[in-house]
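Thank you all for coming.

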Amino acid sequence: MKSFDALREEVLAYAADELTATTIPRVDFYRVSQPMALPPEIYSPFVSLILHGEKRLQVGDRAIRYSAGEMFTASFDLPATGEITVASETSPYLAVRLTLDFAAISDLLHQMPVTDLPATKKGISVNRVDEALTDAWLRMVRLLAKPDEIGVMAPLVEREILYRLLQGPQGGVLRQAAEVNGHFAKIRKALVWLRTHYATAFRIEALAAIAGMSLSAFHRGFRACTGLSPLQYQKHLRLYEARNALALRPGNVAAVAADVGYESLTQFTREYARLFGEPPARSIRKLRLTGAEPLQGIGSQG
């Protein structure tokens, strides 16, 4: 696609190493010059279009691989690990990303005709992009050369991008994420509760009641959306938050473990090492020695 090649060149001209924020609201670039493992993070709802290279994500029990010309859509806060599998100095991994504005999506849905899209219970999708969607991305990125136009034009082009996403194969995932009733809205109530109360023990029956679902339907629906059980999802939230806290308060492992809801330091150390590959003290020492940034906070951009 002609617009795809032009988009790649535009992003390449602006993207620095790893994450590059832009002056366009909710739009950023990601560039990596060699294959690398990615730290476990919690990604906020976003769409990411790969322009060069390949990426693998592990979302719960799902392994997802996508490459140049494909767009990844996540419609919920996504605990994930992964790696950049194809990248080099001369041909870096390159992606452009938009954090989703569900208010804008809901507004669009009220103006669009009802569409019979395939039913989906998943909160993620990977699909190839077409020329119309790529062209909209290109016009968005080219606004960086016209900063005086960003305030007026960026919301219009973002609206077009969201419209074309809703009309395409990602539409089912985005529609269910923006709905205020229905299956996904019920699961989202439980996700919000878990994000807010990640340090609090809970009974699965109580969480299902928050979602307004039967226990069996809630179990099936939660795993279908997230790839994790509710307890696994909470564990990821706890451990990611603990890693952030330990980066700021090294040496207070027992206190941090208690703060995020662990009664047993042994259990905390074991589960931390299983997720991050090494015990807390060693992990944080390495993080500080390399000067790496702490993980993003719960619900923030990954």
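Let me begin with arginine 26, which lies in the loop between strand S1 and strand S2, the latter covering residues 27–32. Please keep in mind throughout that this is a predicted model. The phi angle of arginine 26 is near 70 degrees, a positive value in a residue other than glycine, and at 35% relative accessibility the residue counts as partly exposed. As background, most residues other than glycine have a negative phi. Glutamate 18 also has a positive phi, about 60 degrees, although it is not a glycine. Glutamate 18 belongs to strand S1, residues 18–21, and with a relative accessibility of 39% it is classed as partly exposed.

From there I turn to the sheet. In what order do the four strands of the open sheet lie? The order is S3-S8-S5-S6, and the pairing is antiparallel. Strand S3, residues 36–43, and strand S6, residues 62–67, stand at the edges with a single partner strand each, so one side of each of them is left without a neighbour in the sheet. If direction is ignored, neighbouring strands of this sheet are turned against each other by 25 degrees on average. Looking at one pairing in detail, S3 and strand S8, residues 78–86, are joined in the antiparallel sense over six bridges, and tyrosine 43 stands opposite leucine 78 in S8.

The side chains of arginine 56 and glutamate 83 meet in a salt bridge, with an N to O distance of 3.0 Å. That pair links distant parts of the chain, with arginine 56 in strand S5, residues 54–59, and glutamate 83 in strand S8, 27 residues apart. Glutamate 83 itself is partly exposed, its relative accessible area being 28%.

Strand S4, residues 46–52, comes next. Six of its seven residues are buried, so S4 is largely enclosed by the rest of the structure. Four bridges join S4 to S7 in an antiparallel arrangement, and within that pairing leucine 49 has methionine 71 in S7 as its bridge partner. S4 also pairs with strand S9, residues 93–99, in the antiparallel sense and over six bridges, with valine 47 standing opposite leucine 98 in S9.

Now to the helices, starting with H5. Why can helix H5 be called largely enclosed by the rest of the structure? Eight of the eight residues of H5, which spans residues 171–178, are buried, and therefore the helix is largely enclosed. Among these buried residues are Val173, Leu174, Arg175 and Gln176, and I would draw your attention to the arginine in that list. The buried residues of H5 pack against strand S7 (70–74), helix H2 (102–111), strand S10 (124–128), H4 and helix H6 (183–196).

Helix H4, residues 147–167, includes leucine 156. Together with Val152 and Met153, Leu156 makes a nonpolar surface patch of about 270 Å².

Finally, the salt bridges, of which the count comes to 13. One of them joins the side chains of glutamate 10 and arginine 142, at 3.4 Å from N to O. Because glutamate 10 lies in helix H1, residues 2–14, and arginine 142 in helix H3, residues 131–142, the pair ties together parts that are 132 residues apart in sequence. Glutamate 10 is partly exposed, with a relative accessible area of 23%, and arginine 142 is likewise partly exposed, at 41%.

The other pair I want to show is arginine 139 and aspartate 135, whose side chains meet in a salt bridge at 3.0 Å, N to O. These two are four residues apart in helix H3, and so are separated by about one helical turn. Both count as partly exposed, arginine 139 at 33% relative accessibility and aspartate 135 at 30%. Salt bridges that share partners then join Asp135, Arg139, Glu160 and Arg164 into one network.

I will stop there, and I am happy to go back to any of these regions.

How values were computed. Residues numbered from 1 in each chain as written. Predicted model: local features only at pLDDT ≥ 70, side-chain atom pairs only at ≥ 80, totals over all residues. Heavy atoms only, no water. Patch = residues over 30% accessible without salt bridge, like charges linked within 9 Å, V, L, I, M, F, W, Y side chains within 5 Å. Areas by Shrake-Rupley, 256 points an atom, 1.4 Å probe, with all protein chains shown as cover. Salt bridge = Lys/Arg side-chain N within 4 Å of Asp/Glu carboxyl O. Pairing = 2+ DSSP bridges. Axes fitted to C-alpha atoms, helices over the stretch in contact; angles between N-to-C directions. Buried < 20%, exposed > 50% of the residue type's maximum accessible area, 1.4 Å probe, protein only. Contact = heavy atoms within 4.5 Å.
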